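Reader: I have a model to read. Please take me through it feature by feature.

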Amino acid sequence: MKRFIFAATYCCYVSVASAQLNLSDSLSMSELEYLDSLPEIVVKAEKPLVKVKEGKITYDAQRLIQGKSVTNIYDALLYLPGVTENDERLLLAGSQSLAILINGKKSEMSYSNLISLLKSLPSQRIKSAEIMYNANPKYHTRGAAINIVMTEPGILDGLKGQVYATYQQKHYAEYFTGTSLQYATKGFNFDANYNYADIHYRTGEDIFSLHTLGYQSYPIKQYDRTSAKYSTHNPWANISYKWGDGHKINLTYAGDYKTNLSNENQSVGTFTHSHLHKTANAPVAMSDLQLSYQSTSSLDVGVEFTSYNDNTTQHYRDSNTGYQSVTKQFIKRYKAYLDHSLNLRHLTLCYGAEYKYAHDNSKQIYNSGNHNDLRSSRDEHTATGYIGLLREFNPKFSLQAYLQGEYYKIVNYDKWSIFPQLNLTYTPDYSHIIQLNISSDKVYPSYWEMQNNVSQLNSYAEIQGNPSLRPYDDYSGQLSYIFKNKYILTFYVNYSDDYAVQLPYQATDKLALIFKTQNMDYRSVLGANIYLPFNIGSFMKSSITINTFNDRQKADTFHDISFDNSKWVFYSKIDNTFAISTRPNIKAELSVAYTTPNIQGPATISSLWQLNIGAKWVFLGGNADLSVKCNDVFNSWVPNIKMKYSRQDLQMNMFPDSRRFVTSFSYRFNGFKPKNNSIDTSRFGTK
C-alpha cells in the first residue's frame, strides 16, 4: 500500500510538471509574466472579538467602535455587549450596579465626576475593555466592573497627541474642545489630557396629579421647564516610572471644575406659579490624587485623596412666599490599600486590605424662619480585608474564589459584613467558553441623600433627604456561554435586599409631591441577554442585542402604603456600520433600539424607542476624523411615568429633548522624536 501511494503521488507530480511545461510552450511571454504575478495563497482569519482569562471578558475596544461616530471613551463603552445607559448612568445587563476602573484602579471620585472624566478622554485612548461580572478584590470593588485599559506611549513614538473639538446641538448648543498628549522616555511615561466644555441644556416634566387629601381630591397640573448653563474644566494627568525588573510607581491626578453655574426653573399650572434660580458662589470643584507602587513580588500598595466642594445659592419665589438659601457641601476622603499574591505549587494565594475615611461637612442655611436650617458634620469609616485562591486545574478549567470582610460605620450606624465570590471558567475547546460568576456587594447612598434637607423643585414638588437611609446588599449570579469568541449568551439573576430608590409620593398631610429615596424590602431580576455580531460581506458589520428579564419590586412599608409589583421587560438593539467608500474612507452607521414598559416601585415606565444615524470620514493618512451623528432622530427616547395605585394617582411626562446632533473633528499627530534612547545603532550605516 505504501508503494502504491508513493507511485501514485509520483505520477501525479510528473503529470502536473508536464502540463506546466506544455502550457509554457503554448503561452506568450506576456501571458507567462501574468501567471508569475498571480498572488500567493491568502489565508484570511477573523481576529477574536472576545478573550476570557481569570474571570475577565476582554473586548478589543477599537474593533468594536471601528467606523462609528464615537468621540470619547464614554460613548465607546456604550458599544460593549450588554452595556446600556439610563440618564447618563452606565448599566450592564445581569448586574444591579457597575463600577468603572481605569487601568485597574478604582477612583474615589463621585460617579458624575467620573462620567465627566470619561467624556473628556478621546476614544482613541482606549485599548481594550474588560468586563468582570465578579471583580477580583484586588480592584477594591465588588460585583460587576468595567476596566478601561488605556494605550501607553512607546519610547520610539516621541511626542504623540491629539486635538479635538465637538459641536453638539439639542435645544441649545454645546461646545467641547481639548487636547491629549503622550510621551515616553527610558523608564518614564507621561500622559496628559485637558478638556473644556460649554454646557447648556434644558429639562422638564408635565405633572398631572389627582391628589387625595382627606376625603377630597384635587386635580393639579404643573408644567416645569429647567434651563442650566455652566462651563467645565477637566484636567487629567498620569506619570509613571519603571525600573529594575518590574518595579513601577504611578501618580494620577483628575479634576472636575464647574464654573459660571446658572440654573433657572419655571413652573406654571393650576397649583401656583413659581421661579427658582440657582447660582454657584464658587466653582464646584473636585480633585482626586492617586499614588501607587508595584513591585516584582506581586505587591501593590497605594493611597488616594479626594476632595469635593460645592457652594451654591438658591432664590425661590411663588405667589405665596419666597426665600433664599445657601447650600454648602465639603467632602474629604482618604484611602489606603495593600494587595499581595503568592504563587504556590498548584495555585495562587492573594490577600489584601483597604481602609477608607470620609468627612462630610454639609450646610443648608435659609434667610426665612419658615424653614429649618441644616448643619451636619459626619465621619464615615470603611475597613475591608480579603483572601482568595486562584487555581488552574488544567488548560480547560480554572477557579477563582474569594472571601471579603467589611466593617462600615457612619454616625450611629455600624455593621460587619461578609462577601463571598466565586468564578468558574470552563473551555472545552477554542470555540466554546462557559463562565459562572457568583458575587455579593453592598451599595451605599450618596452623602446628600442621607441629610435631613428639603429642596423645592417647584411650589408642588420637593426633594427630601432621608437620614435613616441604609445601604443595601446585592447578590448576583451570571452564567455566560461564549461561542467562537464573539457570540455571547448570558443568563443572570439579581437579588437586592433593602433595595433603595427615589420615587414620587403624594403626601397625605399636605398638597405636596415628595421625592425621597427609601429602602424597600427587596428587588429581584431574572433574565437573559444575547449578543450576536454578523457581517454581510465587507460592506456591512452588524450586531444584535436582546435582553429580556422579569423585574419584581416589593415594599411592605413605603410611606403609608405597600406594594408588590412585577413585570416582564424586553429590550432589543441593532447596530449597523456600512463601508460607503474606501477612497475616501467613509463609513456610515444606523442603529435602532426598543424597550417595552418597565416598572419603578408601584409606578410604570412607558415603552421607548430610538433611531440613531451617523457618518465618519477618516483622512490625512488616517490622522484626522470628521464625524456627524444624530442620536434619537425622532426625539422618542423619553419616558413617561404613570402611578395609579392605592390613593396614588399621578402621571409625569418627561419633556422631550433627547434628539442630539453632533459634529466632531479630531487630529492626531506624532511630533519630535527623542534624541537619546537605549537602542544601540553603532553597527548601522554605510560608513
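Author: Start with burial: buried means under 20% relative accessible area, exposed over 50%, and partly exposed in between, with a 1.4 Å probe and protein chains only. This is a predicted model, where local features need pLDDT of at least 70, side-chain atom pairs count only at pLDDT 80 or more, and totals for chains, interfaces and linings use all residues. Residues are numbered from 1 along each chain as its sequence is written, and side-chain values use heavy atoms, with hydrogens and water left out.

Reader: What is the relative accessible area of Thr71?

Author: The value is 22%, so Thr71 is partly exposed. Thr71 sits in the loop between α3 (61-64) and α4 (73-77). Helices (H or I, at least four residues) and strands (E, at least two) are DSSP runs, numbered from the N terminus.

Reader: Which residues does Thr71 touch, not counting residues up to four places away in sequence?

Author: Contact means heavy atoms within 4.5 Å. By that rule, Thr71 touches Leu121, Pro122, Ser123, Thr166, Ser627 and Ser664. Lys119 lies 48 residues from Thr71 in sequence, with 8.4 Å between their C-alpha atoms.

Reader: Which side chain forms a polar contact with that of Thr71?

Author: A polar contact is a pair of N or O atoms within 3.5 Å; within protein, one must be able to donate a hydrogen and the other to accept it, and residues adjacent in sequence count only if both atoms are side-chain atoms. Here the partner is Asn72, at 3.3 Å.

Reader: Is Asn550 buried or exposed?

Author: Asn550 is buried, because its relative accessible area is 18%. This residue belongs to strand β30 (residues 540-558). Beyond four places in sequence, Asn550 contacts Ser524, Val525, Leu526, Ser566, Lys567 and Trp568.

Reader: How many residues does the largest nonpolar core have?

Author: In soluble globular proteins, nonpolar side chains tend to be buried together. A nonpolar core is a set of buried Ala, Val, Leu, Ile, Met, Phe, Trp, Tyr and Cys residues joined through side-chain atoms within 4.5 Å. The largest one has 39 residues, and Leu77, Leu90 and Ile146 are among those with the most contacts inside it. Elements giving two or more residues to this core include β2 (56-60), β5 (98-102) and β8 (144-150). The largest share, five residues, comes from α5. A second, separate core has 13 residues, including Val443 and Ile561.

Reader: How many disulfides does the structure hold?

Author: A disulfide is a pair of cysteine sulfur atoms within 2.5 Å. The structure holds zero. Cys350 counts as buried because its relative accessibility is 6%. Cys630 also counts as buried, at 14%.
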